[in-house]
Amino acid sequence: MPEVTHTLNKDGDFLVDYEEKVFEDVKAEAGEKALVTFHTVAFEGSIGFVNMLQATRLLRKGYETSILLYGPGVNLGVQRGFPTLGDEAFPGHMNFNNQLKKFMAEGGKVYACRFALQALYGHGERSLIEGIRPINPLDVLDLKLLHRRDNALIIDTWTM
């Protein structure tokens with residue numbers, strides 16, 4: 001039987017060169033916008049959280065950035081907690097809430113479709129995290145069209 005003689009990795013070791021940046025650090029030009037849409041299920045994978053981090057990064061790069069929650073994505077924007085609202089039941093339980101709050105605190109805008117809130121998931125507007133703007137379902141397409149008209153960067157997050 002072969003013997004493995006390599007030493008084990010240990011805390012503090014580097015496995016990759018995380019400092020090398022291949023591309024220029026792009027910043028927004030004056031007036032540039034970005035929209036990140038979420039038609040994804042909360043806690044069903046990492047894409048929702050990763051693209052919230054991307055939206056925050058776009059905001060910090062100077063883009064006027066908005067998030068659109070529609071379909072199952074509205075569940076990313078509802079208040080949660082256990083045993084009471086705001087309580088973190090386990091580490092990471094409040095990732096979505098905390099990231100959206102941070103995004104809005106830094107100047108980002110978040111919109112949630114009223115149709116998905118009520119008709120699909122039984123939430124009222126008072127279930128939303130403070131600062132999220134509920135919108136008419138007809139505004140979902142118009143928000144995307146307005147961003148397209150303004151030549152904004154649009155990132156669509158879809159998973160089912």
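Is F96 buried or exposed? In this predicted model, local features are described only at pLDDT of at least 70 and side-chain atom pairs only at pLDDT 80 or more, whereas totals for chains, interfaces and linings use all residues. Residues are numbered from 1 along each chain as its sequence is written, and side-chain values use heavy atoms, with hydrogens and water left out. F96 is buried, with a relative accessible area of 4%; buried denotes under 20% relative accessible area, exposed over 50%, and partly exposed the range in between, for a 1.4 Å probe and protein chains only.

The protein has 4 helices and 5 strands, which are DSSP runs numbered from the N terminus (helices: H or I, at least four residues; strands: E, at least two). Along the sequence these elements follow the pattern β-α-β-α-β-α-β-α-β. The radius of gyration is 19 Å, while a compact globule of 160 residues would have a value near 15 Å; the radius is taken over C-alpha atoms, and the globule rule is 2.2 Å times the number of residues to the power 0.38. The C-alpha atoms fill a box of roughly 65 × 45 × 30 Å along the principal axes. Of the 160 residues, 36% count as buried. Contacts are defined by heavy atoms within 4.5 Å; among those between residues at least 6 apart in sequence, 72% join residues at least 24 apart.

At the start of the helix, a side-chain oxygen of N136 comes to within 2.7 Å of the backbone nitrogen of L138. N151, which follows helix 4, has a positive phi, near 55°.

The structure holds 3 aromatic pairs. Rings of Phe, Tyr and Trp (its six-membered ring) pair if their centres lie within 6.5 Å; planes under 30 degrees apart count as stacked, over 60 as edge-to-face and the rest as tilted. The ring centres of F14 and Y18 are 5.6 Å apart and the planes meet at 25°, so this pair is stacked. Both partners are exposed, F14 with a relative accessible area of 62% and Y18 at 56%. F49 and F96 form an edge-to-face pair, with 6.3 Å centre to centre and 80° between the planes. Because F49 lies in helix 1 and F96 in helix 2 (residues 95-105), this pair ties together parts that are 47 residues apart in sequence. F49 counts as partly exposed at 22% relative accessibility. Together with F43, F49 and F96 form one aromatic cluster.

Helix 1 (residues 47-60) also contains N51. N51 is buried, with a relative accessible area of 10%, and touches V36, F38, I155 and T157, not counting residues up to four places away in sequence.

How values were computed. A polar contact is a pair of N or O atoms within 3.5 Å; within protein, one must be able to donate a hydrogen and the other to accept it, and residues adjacent in sequence count only if both atoms are side-chain atoms.
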